[in-house]
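I opened a new notebook page for this chain. My plan is to go from the overall form down to single side chains.

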Amino acid sequence: MFPLSSLPLQMVLYLSFPVAMFWISNQAEYFEEYVIKRKREIYPPDDDRQRKELEDFKERMRKKREERLLRADQQ
């Protein structure tokens, strides 16, 4: 594939690429800029109205399940 004299260069390339990617991915600025901002875009912080609607929905589902179990138990 390569002449014998290029093997050290090939080894340096093979070893430096993963090390460079690891170093870049562990930089705090990159993490803050790309990961945290993207997470906030996808999952915005909850507001009180949405939380209240979710709690009401859970309560309705719990009551329906209890009623269904009671009806099944009575039969």
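**Terms first.** I call a residue buried under 20% relative accessible area, exposed over 50%, and partly exposed in between (1.4 Å probe, protein chains only). The model is predicted, so I noted the limits: local features need pLDDT of at least 70, side-chain atom pairs count only at pLDDT 80 or more, and totals for chains, interfaces and linings use all residues. Residues are numbered from 1 along each chain as its sequence is written, and side-chain values use heavy atoms, with hydrogens and water left out.

**Entry 1: overall form.** I looked up the secondary structure of the protein chain and found 3 helices and 0 strands. Helices (H or I, at least four residues) and strands (E, at least two) are DSSP runs, numbered from the N terminus. From the N terminus on, the order reads α-α-α.

Next I checked the radius of gyration, which is 28 Å for the protein chain, while a compact globule of 75 residues would have one near 11 Å. This radius is taken over C-alpha atoms, and the globule rule is 2.2 Å times the number of residues to the power 0.38. Along the principal axes, the C-alpha atoms fill a box of roughly 85 × 35 × 15 Å.

How much of the chain is buried? Buried residues make up 5% of the 75 residues. The accessible surface comes to about 7,800 Å², and 62% of that belongs to carbon and sulfur atoms. Accessible areas come from the Shrake-Rupley method with a 1.4 Å probe; for residues, only the protein chains shown count as cover.

**Entry 2: domains.** I looked up the domain assignment and found domain 1 (1-43) and domain 2 (47-74). Such bounds come from an automatic or database domain assignment. The C-alpha centres of the two domains lie 48 Å apart.

I then took two pairs of residues. Valine 35 and arginine 71 are 36 residues apart in sequence, and their C-alpha atoms are 49 Å apart in space. Arginine 60 and valine 12 are 48 residues apart in sequence and 63 Å apart, C-alpha to C-alpha. Arginine 60 lies in helix H3. Its relative accessible area is 48%, so arginine 60 is partly exposed.

**Entry 3: helix H1.** H1 is hardly covered: 1 of its 19 residues is buried.

**Entry 4: a nonpolar patch.** Which residues form a nonpolar patch on the surface? I listed Phe17, Met21, Trp23, Ile24, Tyr30, Phe31, Tyr34 and Val35, with about 850 Å² of accessible area together. Helix H1 (7-25) and helix H2 (28-42) each give two or more residues to this patch. Patches are made of residues with over 30% relative accessible area and no salt bridge: like charges are joined within 9 Å, nonpolar side chains (Val, Leu, Ile, Met, Phe, Trp, Tyr) within 5 Å.

I checked two members. Isoleucine 24 sits in helix H1 and is partly exposed, at 34% relative accessible area. Valine 35 lies in helix H2 and counts as partly exposed at 42%.

**Entry 5: salt bridges.** A salt bridge is a side-chain nitrogen of Lys or Arg within 4 Å of a carboxyl oxygen of Asp or Glu. I counted 8 by this rule.

- Arginine 38 pairs with glutamate 41, with the closest N and O atoms 3.1 Å apart. Both lie in helix H2, 3 residues apart, about one turn. Arginine 38 is partly exposed at 49%, and glutamate 41 is exposed at 57%.
- Lysine 52 meets aspartate 56 at 3.4 Å, N to O. Both lie in helix H3 (residues 48-74), 4 residues apart. Lysine 52 is exposed at 51%, and aspartate 56 is partly exposed at 33%.
- Glutamate 66 pairs with arginine 62, with the closest N and O atoms 2.5 Å apart. They are 4 residues apart in helix H3, so about one helical turn separates them. Salt bridges that share partners join Glu59, Arg62 and Glu66 into one network.
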